[in-house]
Each structure stands twice: as C-alpha cells, then as structure tokens.
Amino acid sequence: MVDYQIENDEQGIASKISFVFSTMVLEGDQENERGNRIIYPIYIDLYINEGFFVGRYKPKTTIYKCSENDIVYKENRFKPLDETGKLIESLGKILKTENMDINPSQKFGKMMYKLYQKYSFTPADIQSQIDSLKDIKEDFVNNIFKRLNLNILNKKKAKMDLDIFLEKFISINGDREKVFKEDREAYLIKISSDDIMQMTRIDTASTGNRPLQCSETFFDGKKSILNTKECKNLHLCYNRKRGYLGCFTVQFSVTKGWGVIKTYYVPEEDDIQNVLQTVFENY
C-alpha cells in the first residue's frame with residue numbers, strides 16, 4: 001500500500017476510506033522481447049455508509065508480470081481485475097467487514113435490471129397512446145380467446161404481449177430518437193440477459209449511441225427481460241454533469257463473481273461518482 005486517506009461526513013464520522021496500491025509490471029507490445037518496468041496503480045475506496053468496496057484502475061492490454069531479464073511472456077499477462085479482487089478480499093479481512101450477499105453476482109444482475117427499468121421507461125406520450133386503446137385491446141383479446149377457444153389462463157400474457165406490440169410499432173414509427181433521450185440522465189444502448197424459462201439468450205444492441213428503444217430488437221427481447229428480472233450486461237449512455245460535452249458510455253457486467261463497471265469517453269470524477277450513486281441506490 002502506498003497511501004490511504006479517510007473522509008469524514010458533516011458529523012465528523014468516517015464515511016469513506018481511500019487506499020492507493022501499486023505494483024511493478026512490465027509494459028511491452030512485443031512478446032519474447034524486453035519490456036519496460038513501470039509502476040501500475042490500483043485505487044480502492046471503501047464507502048462505509050453504502051457498504052461497498054470499489055476498485056478502480058486503468059485497463060491496459062500491454063502489461064505483464066515482471067520476469068527474469070524483463071522479457072515479456074504471453075503467459076505472464078497481468079490481470080488488473082484479479083489483482084484488484086485479491087486486494088479487496090485482503091482489505092475485507094483486515095478491516096473485518098462482512099459480505100452481506102449470498103450471491104453477489106446475482107444481486108448485481110438484479111441491480112442492472114433496476115437500471116434497465118429506470119432508464120428505459122416508456123415515454124408519457126407513447127404510454128398515453130397505448131392507454132387510449134384500452135377498450136379496443138380488451139375486446140380484441142376477449143374475442144380472439146372466445147373464437148379460438150383458448151385457455152383463459154393465458155389472457156394476462158396475451159395482454160402483455162399486445163402492449164409490447166403496440167409500444168414497439170409506436171416507438172419505431174418515424175424519428176423518435178429525441179423522445180428516448182429526454183427526461184432521463186441516461187439511456188439504454190445495449191443489453192443482454194438469459195431467459196431460463198425459454199432457454200434463450202437475449203442480446204440486443206443499437207447502432208452507435210442511438211437509444212435502443214428506437215429499434216425493433218429492444219422490444220423483441222423485452223418480455224424475456226421482464227420475466228427474468230435480471231441482466232447479464234448493460235450499456236448506458238449517461239449525460240455529463242457539466243453538460244458541455246456529449247454523453248459518455250458505461251458498461252455494467254459481472255466477471256469472475258465481481259460486479260464490473262467500465263467507462264468510456266473520459267468521464268470526469270463527478271460523472272463517475274454519479275454512476276456509482278445509481279449503483280448504490282439500486283443495489
């Protein structure tokens with residue numbers, strides 16, 4: 001450990017402990033050639049009130065564990081996630097913290113589902129159009145089930161499917177990209193989830209930073225995600241707190257039992273803290 005710092009709240013009680021660790025690694029882009037030794041930092045914050053350890057590092061694909069004569073070997077690739085995980089586990093033992101989650105991976109997946117709901121809600125205008133068809137929808141479903149003598153236990157599912165059908169074709173009718181960016185601090189651009197009941201994997205993505213809700217694929221997988229109430233991978237475009245630049249992208253996923261958050265397009269510290277708060281609030 002290189003350094004640590006304790007932050008107190010307004011009452012003078014410790015609210016956050018920040019640790020700085022460093023290790024020596026080899027940097028080089030040619031295997032079996034000599035690399036350069038560099039110091040690689042890893043930052044770990046303990047958010048005491050929220051009950052979270054957060055490890056932070058800058059990923060690099062050209063760093064390796066130090067070897068004799070400083071030669072870069074493929075099998076010695078340095079894995080920051082693994083190292084960060086070991087440091088967090090060691091800190092947990094030293095500080096005698098308790099893991100409150102039996103299955104942290106599943107809990108993080110359910111947190112991603114909450115973010116999915118939070119940032120892919122149906123715009124009020126579109127929801128109003130769907131609601132205006134309430135009587136027509138009811139009559140349609142009733143007539144179909146009566147005429148075809150279908151099992152009435154499936155009526156609820158049929159109504160849900162019909163709502164998704166209507167939302168889909170209203171949403172993709174014309175250029176509605178602006179609608180799905182308004183009144184929200186982030187919007188969805190990619191998601192994946194496993195539907196255990198249907199034995200399928202849902203993996204949908206938009207083009208570039210276009211809201212996924214503008215595409216047919218969003219609605220094709222929506223029912224499965226609503227059924228599982230869990231996500232495996234989630235990409236959101238967040239608005240910056242200062243607003244003078246375009247949005248930045250955040251990828252949420254679970255890797256090796258750890259909840260992983262990757263940020264793209266250089267967010268500022270206020271932006272990163274905003275993302276972390278959305279995790280804390282929805283975990």
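Which residues of the largest nonpolar core touch the most other members? To find them in this predicted model, select Y116, L188, I191, L234, L236, Y238 and F252. The core they belong to has 30 residues.

**The largest core**

Next, colour the elements that supply at least two residues each to this core: β4 (52-56), α2 (104-119), β6, α6 (216-228), β8, β9 and α7. Helix α2 gives the largest share, with seven residues. In soluble globular proteins, nonpolar side chains tend to be buried together.

Now centre the view on L188 and show its surroundings. Leaving aside residues up to four places away in sequence, L188 touches Y116, Y119, S120, R210, P211, L212, F218, L234, H235 and L236.

**Salt bridges**

The model has 15 salt bridges.

Select D163 and K137. Their closest N and O atoms are 2.6 Å apart, and the two residues form a salt bridge. D163 sits in helix α5 and K137 in helix α4 (residues 134-147), so the bridge joins distant parts of the chain, 26 residues apart. Are the two partners buried or exposed? D163 is partly exposed, at 29% relative accessible area, while K137 is buried, at 15%.

Go next to E268 and R242, whose side chains meet in a salt bridge with an N to O distance of 3.2 Å. E268 is in the loop between β10 (258-264) and α7 (269-282), and R242 is in the loop between β8 (233-238) and β9 (248-255); the pair therefore ties together parts 26 residues apart in sequence. E268 counts as partly exposed, with 27% relative accessibility, and R242 is exposed, with a relative accessible area of 58%.

Then select D125 and R176. This salt bridge has its closest N and O atoms 3.9 Å apart. It links distant parts of the chain: D125 belongs to helix α3 (residues 124-131), and R176 to the loop between α5 (155-171) and β6 (186-195), 51 residues apart. D125 is partly exposed at 47% relative accessible area. R176 counts as buried because its relative accessibility is 16%, under the 20% limit.

For the last stop, select K168, E216 and D220. A network of salt bridges links these three residues.

Technical notes
Residues are numbered from 1 along each chain as its sequence is written. This is a predicted model: local features need pLDDT of at least 70, side-chain atom pairs count only at pLDDT 80 or more; totals for chains, interfaces and linings use all residues. Side-chain values use heavy atoms; hydrogens and water are left out. A salt bridge is a side-chain nitrogen of Lys or Arg within 4 Å of a carboxyl oxygen of Asp or Glu. Helices (H or I, at least four residues) and strands (E, at least two) are DSSP runs, numbered from the N terminus. Buried means under 20% relative accessible area, exposed over 50%, partly exposed in between (1.4 Å probe, protein chains only). A nonpolar core is a set of buried Ala, Val, Leu, Ile, Met, Phe, Trp, Tyr and Cys residues joined through side-chain atoms within 4.5 Å. Contact means heavy atoms within 4.5 Å.
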